[in-house]
Amino acid sequence: MSKKIVILFISFSSIFPIKAQKLNNQKFFADSLFASENYFDAITEYKRLQFFSKKNGKYFESNFKIALSYKAGGKYDNAIKYFNLAKRDAKLLEDSIQIDLQIIRTNILRRTIPEALFLIEKFEVKNVGRIDTSLINYWTGWAYLVNDDWESASQEFSKIDKFHQLKMLSDSVFSAKYSVPLAKFISSVLPGSGQFYTGNYWSGVFSLAWNLFGGYLTINAFLTDRTFEGILMGSLIWARFYRGNLTNAEKFAIKENNKISNNAYKFLMEKYLGEKP
Amino acid sequence: MFQVNNFTVRMKKFIKVNSSVLSIIFSFFALAPLIAQTENGNIWSDKNRLAFGNHLFCEKDYLRAIDEFQCVLIKNWNDTLQFKIATSYFRMKHYDKAFNEFEKFTPNSSMYLQSENEKFRTLFLSENYSSMQNKIKNSKRYSGNNSIELLRLLNSSMLLTNAELPQKSKFISIYENEDKNILSEFYNWKENPPYKNPTIAAILSIIPGLGKIYADEIGDGITSFVLTGLFTYLAINKFQNNQQTSAWIYTGLSAFFYSGNIYGSYTATQNYNAGIKFNFENEVKIFVNDRNQFLPTPKFLCD
Amino acid sequence: MMKKIILILSLFSIYLQAQTDWERWEKKSANFQIQNEENNSSNISQNNSFLSLLKISYQVLISDYDGDNCPFYPTCSQFYALAINETNILKGTLMFADRFTRDSNLFKSKNHYARHFSEKFFDPIENYLLSDSTIIFYSREKIVK
């Protein structure tokens, strides 16, 4: 009789380890795809893992990995959806903190900066005393930085360290930038001067020349009592180039500013070694 | 009742006689589920791949579902599965691939009729109207004249091609009563499209801008009139004041805008016609899509 | 009521999210850079050296300084160059005269042109070649790329 029970026990208990074993293999497979940056297939295999471990309810890790895969593939909406699903199943406090941070970082990457800032604020209130405030400053700084708001970014990073690498970078970018309203204003007073201010000398010279020419034609026509031609010259030539001068002053200032920002972004993307969103 | 009792009595006897043999038999039965489990428990078995594929299909994760289905299908052909693969492509709007997958059904297949319908639907949605018309006409159901759905789809698609329409009463008769009015309107439009004549526009634009106004471009017409008039006035004025150089410049500009006005009136009318044709065809497409191409739709588990 | 709306919205979002996986994708490293929306001038192979000189000088001397006046895509000068390239100098000039008139029209109602993704009116030369077969009517509801 005891023999029978032993056999019965062995045969029944062996069912479960095998299934768990298979799922472990599947998890290993999915993880290896994830590790080799084969994210699309990794998602498939994590989904398969979820499908066959339905009753276990262990979705936290696989959902988290799916979210990270989507994030790595630049599919930020999906990433956030799966981070939220993972958060639902997270049992440990650390895990949900980790996920909250990931959602914030994904929002920064998605350039939904207002949402990122809102979530950071919520996160800070929720975890008072539990986390290092420098963490909050760091990601707030990054949110501003991606939003091309270098002044605010500098303020945030300086809260961590007055000589923080990103603070220095933000300061240098901010001080190198041109003022767009100034460029437009000086160009409205003296056509071409805004272009000179942003270093586009040839454009400035041509703009000035066209405006002088258009102005001469118009004023000359009025002075010689050719009112009708004066209106024509004024509207078709002078006004056209004066407007062009203003838009160019603005355009160049924005363009140069973007160049400055993009240089900094290039550095962040290629050479910066700290943590990135 | 008697038989059962009899059976249990005999079993009890058997147990008493040979318990060691029994233990072996019992252990075999106990192990049987284990063996089955290794079959079932294999995540990559056909059955499980199919189950996972169906799950993905219901989640609208069609590209991944196709992968699963195809792995199962390679080993043994299955109509439903093939249909699901084709439908996955169809729902992802990959109409070319969907058509090729629906094409794989042979007339012997149990789902041939459905696949044929889906082929027509695919061709309609990918705007391959002429090839859809040919396919319908070559279909056995069409020659048998027993499929009113096919006839309706064929007729409606003819509004979108240059095919010659049948007689009006015949054209409308196959539709439901509620659709007859709108199809009658469509038919009339197709027979006598309210196009405007570009040549008339060009002639009208002898008076600058009038051709543009005819082509429904009133703003352009007024602009054209003002520009041509302005430069003509200036030219005349200069000639009167004996300022030859500027007079000729203004004459040139005047001629430039005047000839542009005639040319533009012609093209504006052509574009007007293209516009009303586009709107008409759009209405037809919306109508046919609302009726789901008149074809019955297949139902799936998760729909 | 609110529940219903949320349910519908969530269903919709699931549908959209499923769509992202309807094409295979690869790893993509994050790009923080500001994309310049400046569109490069069209590459037209010019056989006629006089015309190309004319076009280049127009661009260098005038169009760079008169601001972004043209509400169309392609711009007026590009339109002229493309038109001459496609037809001949006479027809191209007629097409340009018409385009210039339409450009001067201050009451351009938006329904008269399709929208280009650069937020300009989409107005390709193919619609003005006098041939019905080259005309393509673009839906006013969609944005042309």
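What is the strand order in the open sheet of chain C, and what kind of pairing does it have? The sheet has four strands in the order β1-β3-β2-β4, and the pairing is mixed. Before going further, please keep in mind that this is a predicted model.

Let me stay with the sheet for a moment. The edge positions in chain C are taken by β1, residues 72-73, and β4, residues 143-144. Each of these two has a single partner strand, so one side of each has no neighbour in the sheet. For β1(C), the link to β3, residues 121-122 of chain C, consists of two bridges, and these two strands run parallel. If you want a residue pair to look at, C:Y73 is opposite C:F122 in β3(C).

Against chain B, 23 residues of chain C meet 27 residues of chain B. On the chain C side, α1 (2-20) and α4 (89-104) each supply at least two residues. Of the elements there, α4(C) gives the most, with eight residues. By class, the chain C side that touches chain B has twelve nonpolar, six polar and five charged residues.

Against chain A, 18 residues of chain C are in contact with 30 residues of chain A. Four helices of chain A each bring at least two residues to that side: α3 (39-52), α5 (76-89), α13 (201-223) and α14 (227-270). Which of the elements gives the most to the side of chain A that touches chain C? That is α14(A), with 13 residues. This side of chain A has eleven nonpolar residues, eleven polar and eight charged.

Now chain A on its own. Its domain assignment gives domain 1 at 15-131, domain 2 at 133-176 and domain 3 at 180-269. Between the C-alpha centres of domain 1 and domain 2 of chain A there are 28 Å. Ten residues of domain 1 and eight residues of domain 2 make up the contact between these two domains of chain A. On the domain 1 side, α6 (93-109) and α7 (113-126) of chain A each supply at least two residues. The largest share of that side, five residues, is from α7(A). The domain 1 side divides into seven nonpolar and three charged residues, with no polar ones.

Chain B is also divided into three parts: domain 1 (42-114), domain 2 (127-192) and domain 3 (198-288). Here the centres of domain 1 and domain 2 of chain B, taken over C-alpha atoms, are 32 Å apart.

The last item is a helix of chain B, α7, residues 112-125. From first C-alpha to last, its 14 residues reach 20 Å, close to the 20 Å expected at 1.5 Å a residue. Is α7(B) largely enclosed or largely open? Ten of its 14 residues are buried, so α7(B) is largely enclosed by the rest of the structure. Among the buried residues are B:S115, B:F120, B:L123 and B:F124, along with B:E116, B:E118, B:K119 and B:R121. The cover over the buried residues includes α5 (79-91), α6 (95-102), α8 (129-138) and α10 (148-158) of chain B. Just past the end of α7(B), B:E127 has a positive phi of about 60°.

That is what I have; questions now, please.

Conventions: Residues are numbered from 1 along each chain as its sequence is written. Chains are lettered from A and ligands numbered from 1 in the order in which they are written. This is a predicted model: local features need pLDDT of at least 70, side-chain atom pairs count only at pLDDT 80 or more; totals for chains, interfaces and linings use all residues. Two residues are in contact if their C-beta atoms, placed from the backbone, lie within 7 Å. Ala, Val, Leu, Ile, Met, Phe, Trp, Tyr, Cys and Pro count as nonpolar, Asp, Glu, Lys and Arg as charged, and the others, Gly among them, as polar. The expected span of a helix is 1.5 Å times one less than its number of residues. A residue is buried if 20 or more other C-beta atoms lie within 10 Å of its own, exposed if 12 or fewer, and partly exposed in between; C-beta atoms are placed from the backbone. Domain bounds come from an automatic or database domain assignment. Two strands pair if DSSP finds at least two bridges between them.
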